[in-house]
Amino acid sequence: MSGAALSATVRARGVLRDMLARPSGAIGLALVAFHLALALLSPWLVPYDYKAMDATGTLAAPSALHWLGTDHLGRDVLTRVMLGGREALVITGIATPVAMLWGGLTGVWLGLRGGWPDEVAMRIVDAFLALPGILPLLVLITVFGTGGEVLLPTLAFFFGIPVIRVARAAAHEVVARDFIAAARARGHRPFDIVRREILPNVTDTLLVEGAMRWSWMLLGFSALSFLGFGVAPPRPDWGLMVSDARVYMSLAPVGVIAPVVALSTLIVGINLTADALAKTLGLDRARKAVI
């Protein structure tokens, strides 16, 4: 292992140890780890086939056979809740790093470049941010379909746009320092300045932003499923489950409450983890949020 890799590993372990020492970090990481483990192991843990229907047992109350009851088609709610986060976690788990990569690199380059490219790009970013968050997602998904091959790049693109502003602001703080002027005076190329000087100084900010972006992307994915533009039935998804069960809320409230609790605990876990990470890294998220 190289010296840089060893140093990064040691620092990562120290950050993790400090996060676990904070109550918010310990609770957040535990919730996230629980959901990741459940998504990985649930196919072998579920008591029933998620597609299995029972016309004689629809909207059944919780019982020994069905711990969370059944839905309007007689499917086991517990089974579908346990499997309901798998697709969301896979798609957003891939789309979030992609969004952070392209949005972060674009923002850092704009922060270093400045001038008219920076002004033009930021006005385009402002135009996108002025739109309701879910509207452009719905437009593209309506045109191209709802499969994972459409959802993943769509989420990665639109959720990467706000990252440009955050990365650009973080880069501006670094570009103003003397060592950037010294690197320019030595004739370093912009690519080398970004790679060697700027990225190491904005990585912490982008890590925290990535954690928050993941939670927002999960909410966006669930909203799309709720509206019928995300996961296609009969595959289980928390947003789709809420959409299907809300009509029967007065008869079988657990069908709505269970997926809402599952999604909420995951989002809370990610947010607590992001808060603990920000505090461990010494970042002021409240200050950064107003940029």
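How do the residues of the lining of the largest cavity divide into nonpolar, polar and charged? They comprise six nonpolar, three polar and five charged; Ala, Val, Leu, Ile, Met, Phe, Trp, Tyr, Cys and Pro count as nonpolar, Asp, Glu, Lys and Arg as charged, and the others, Gly among them, as polar.

Colleagues, this is a predicted model, in which local features need pLDDT of at least 70, side-chain atom pairs count only at pLDDT 80 or more, and totals for chains, interfaces and linings use all residues. Residues are numbered from 1 along each chain as its sequence is written, and side-chain values use heavy atoms, with hydrogens and water left out.

The volume of the largest cavity is about 130 Å³. On a 1 Å grid over the protein atoms alone, a cavity is a set of points where a 1.4 Å probe fits but cannot get out, whereas a pocket is an open set with protein on both sides within 12 Å along at least five of seven lines; lining residues have an atom within 4 Å of a point. A volume is the space filled by probe spheres set on the points, which are joined across faces, edges and corners. Of the 14 residues lining the largest cavity, D71, H72, M241, A245 and G255 lie nearest its centre. Helix α10 supplies the largest share, three residues; helices are DSSP runs (H or I, at least four residues), numbered from the N terminus.

I turn to the largest pocket, which holds about 570 Å³ of space. Its lining has 21 residues: 16 nonpolar, five polar and no charged. The largest share, seven residues, comes from α9.

Notes
Helices (H or I, at least four residues) and strands (E, at least two) are DSSP runs, numbered from the N terminus.
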